[in-house]
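Let's take a walk through this structure together. Have a look at it first, and then we'll go through some of its helices, contacts and cores.

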Amino acid sequence: MNKLHFKVGLFAAASLVLAAVFIVYLLHARGFFEKTFHLQLAAASADGVAPGVPVVFSGIEIGRVTTLGLNENGGIIIHTEFLSRNAKWLKENSSFTLDKPIVGGAKIRVDSPDLRAPALPDNATMLLLTSDISKEIPALVERVKAILANVEYLTRKDGEINATLANVKTVTGRMTGEYGVLEGVLGSPEKARAVTDSLDKTRALIAKLDAMTAKTDQWLFAQDGMAEQTKASLAQVRLMLNDAQSSLKKADAVMANAVEISANVKDGTQDIAKLRAEIDDAVRKANGLINEINKKWPFAREPEVKLP
Amino acid sequence: MAAVDALPDDVARVALDLPLRANLSALDNIALIPIYRGHFNVAESNCQALQLLEQLGHAGIALLRDPDMTPAQRFVTKLARALILKRPRLVIDRPGAMLYDVPYPSFIRQLAVQAEMTGTWEIFDFSWNQALYQA
Amino acid sequence: MNFLAASIESLGAKVVGWFTVGYGMFAFLAKAGLLLLEPATWNRATFDVVVKQIYFTAVQILHVFLGYALVISWLIITIILSTARDFGLTEFASEMTIRVLVLELLPFLTALFVALRSGSAINTEVALMQVNNELDALAHCKVPPMQFEFLPRLIGGVVSVVTLAGLAGLLALLMGYLAIYGMNVAGFEPYTRTIAKIFDFRIMAGLIAKCALFGLAVTLIPVTAGLETPKKLFMVPVSVLRGMMRVFFAIVAIEVVSLALKYI
């Protein structure tokens, strides 16, 4: 036996086996043995999306953009590809968001709030949302301003909130009274949820007002004096804010009540719809008030006044 | 020299300026030719080469490499390499330069007898060495 | 004026020299490539020389080479991992490790290793064969030196560099896994994902082509440099010196071109 040949043969065989194993492993890793799962995403703009952009779920890449195209209406269709083992994360209630971080490449984020939801079929088309941070910041600022404006509006037209509240009470009364309850038929849970949504919104508003009051306090009782006039107006604003807050809290209580009631009767039908509309209106007005405050706020842009 | 260089292609030469491959054994040096010229396989070629060496009475040097051989052994290997080419003419170019450790005319004559090959052997040598061949 | 003319002339001579060398090399390569297509080339003797060449170039040094690859990989992986941790870039560490080691550093070091060991040996041997008239002797016997001596060396070089670089790369992949995830299988999924992300078809083909070119460079250039040697014994060191310098330039050029193709 030729020892040299034996050694070379052993070397060649080992190398070939290792190479074959690695290639099979690589093909497995790249999903060669699996079916690919396709998904189309409809988007308003393909800005930042290119073939190869990853689709991530919980921070882990599960797929990639393959091609971009236009549909007949001029909308953008982004074709993505997934390995079938990763397709289980795509549900019918999944949301697809285009993330363009300030640092790093763009990616499409998948959020599946409920993993028990039915899976998406192959070749489905979903909507791609955009969450461009740089675009969102101004929008956020606008929204905050709007809320402040609403609160202002509400308190200025003194008693409006009370009126609304009275309205609400009437409605609730109606509901608890002969009409609502007696005529109560089993209803859909959506209605109840609608009320809860409004409730949540109101509560968020209250939290914001809280923060605002705290800020007003800070300015009001700051050591370094402010012009008397300003101080007075600030104090007034604070009062208004308090007022708005307490009103809203009342509204909140009423609404909580309403929810309870609606849960009890399981149906509000017309009444609950009306109630919801009214509460929404109140919240909208409160928002307007906050916006208005913001406009009139003397130190909104320059909170620190320096004295000589 | 010029006469030797001008020799046609059908002449097998044994000469100082046609050395053996230094990193191959005597056997491999000879077997190389049937492998490449006759397209024999390796075992067959080795067999032929060994047979030839045995015929020349030097089977023992089969596994030696060029630097390990005596001048006579090296000459025998070169001769075997030339013989296995199976060309009609064989020219031994200045054997004195290669066979400085043996009385070479008789040595070559003895090899020629053992080889029992057809064809002619020609020895090119310096004229002053002619006396050696008369003996 | 005279000085200017002289320097222009010397520059011209240098350029012509480089072109001659380059032309000789590619002509030799073309001849070798054509011979590959001929069935007569594929005989047992050529195969034996290929086997011998692979033995001396790859098998004989395998344990030394793998030990060296192990140490280098371990060091580089540790450095990349700790640096990545310091800068909070841990998620890029495994990809970075694989890219640096498997795709760039290990093939380059393999080529250098084989060039220094086998390339210089081939250059010396061919130069000595040329000086000693052994090639003339082979020609007299009508044994084609290309098929018998040179082609097997080229094939052996290519096979050896591709295989050694591949083995070192696999070893580095294993070491990378152990360094990042330790002795358990928990990291198999993410590591597989990283590997799948890096090794697409283009990268794999590029890696193999690069290693093959390295293997060709570390054998073809020494062979042609050896054949250029004048028939004087004292020219052998000069021939080896020139050949090894060309090998070095060729390896660096291949690496630079491959990097440029990949990232530009």
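In which hand, left or right, does helix 1 of chain A pass helix 2 of chain C? Before the reply, keep in mind that this is a predicted model. The crossing of helix 1 of chain A with helix 2 of chain C is left-handed.

**Where chain A meets chain C**

Let's stay with that pair of helices. The axes of helix 1 (residues 3-29) of chain A and helix 2 of chain C come within 9 Å and cross at roughly 65°. That angle makes helix 1 of chain A roughly perpendicular to helix 2 of chain C, because angles of 65 to 115 degrees count as roughly perpendicular. On the chain A side, the residues making this contact are A:Leu4, A:His5, A:Lys7, A:Val8 and A:Phe11. Their partners on helix 2 of chain C are C:Val51, C:Lys52, C:Ile54, C:Tyr55, C:Ala58 and C:Val59. Sorted by class, the residues of this helix contact are eight nonpolar, one polar and two charged.

Now zoom out to the whole contact between the two chains. Here 16 residues of chain C touch 13 residues of chain A. On the chain C side, helix 2 (44-59), helix 6 (145-181) and helix 7 (188-198) each give two or more residues. Helix 2 of chain C gives the most, with six residues. The side of chain C that touches chain A has eleven nonpolar, three polar and two charged residues.

**A second crossing, inside chain C**

| Helix pair | Axes | Angle |
|---|---|---|
| Helix 1 of chain A and helix 2 of chain C | within 9 Å | roughly 65° |
| Helix 4 of chain C and helix 7 of chain C | 10 Å apart | about 50° |

With that angle, helix 4 of chain C and helix 7 of chain C are oblique to each other. Their crossing is right-handed. Helix 4 of chain C brings C:Ser94, C:Glu95, C:Ile98 and C:Arg99 to the contact, while helix 7 of chain C brings C:Tyr191, C:Thr194, C:Ile195 and C:Ile198. By class, that is four nonpolar, two polar and two charged residues.

**The cores**

Which residues touch the most other members of the largest nonpolar core? They are C:Val161, C:Ala172, C:Phe214 and C:Ala217, in a core of 58 residues. Helix 2, helix 3 (62-86), helix 4 (90-131), helix 6, helix 8 (201-227) and helix 9 (235-263) of chain C each supply at least two residues of this core. Helix 6 of chain C gives the most, with 16 residues. As for C:Ala217, if you skip its neighbours within four places in sequence, it is in contact with C:Val247, C:Ala250, C:Ile251 and C:Ile254. There is also a second, separate core of 34 residues, which includes B:Leu27, B:Leu52, B:Ile84 and B:Tyr104.

**Over to chain B**

Chain B has seven helices and three strands. Read from the N terminus, its elements go α-β-α-α-α-β-α-α-β-α. Of its 135 residues, 34% are buried. Among the contacts in chain B with a separation of 6 or more, 72% join residues 24 or more positions apart.

Chain B touches chain C too, with 16 residues from chain B and 15 residues from chain C. Helix 2 (residues 26-37) of chain B gives the most to the chain B side, with five residues. That side of chain B divides into nine nonpolar, two polar and five charged residues.

Notes:
Residues numbered from 1 in each chain as written. Chains lettered and ligands numbered in written order. Predicted model: local features only at pLDDT ≥ 70, side-chain atom pairs only at ≥ 80, totals over all residues. Contact = placed C-beta atoms within 7 Å. Helix = DSSP H or I, 4+ residues; strand = E, 2+ residues; numbered from the N terminus. Nonpolar A, V, L, I, M, F, W, Y, C, P; charged D, E, K, R; others polar. Buried ≥ 20, exposed ≤ 12 C-beta atoms within 10 Å, placed from the backbone. Axes fitted to C-alpha atoms, helices over the stretch in contact; angles between N-to-C directions. Parallel < 35°, antiparallel > 145°, perpendicular 65-115°, else oblique. Left-handed = near helix turned anticlockwise from the far one by under 90°. Core = buried A, V, L, I, M, F, W, Y, C linked by C-beta atoms within 7 Å.
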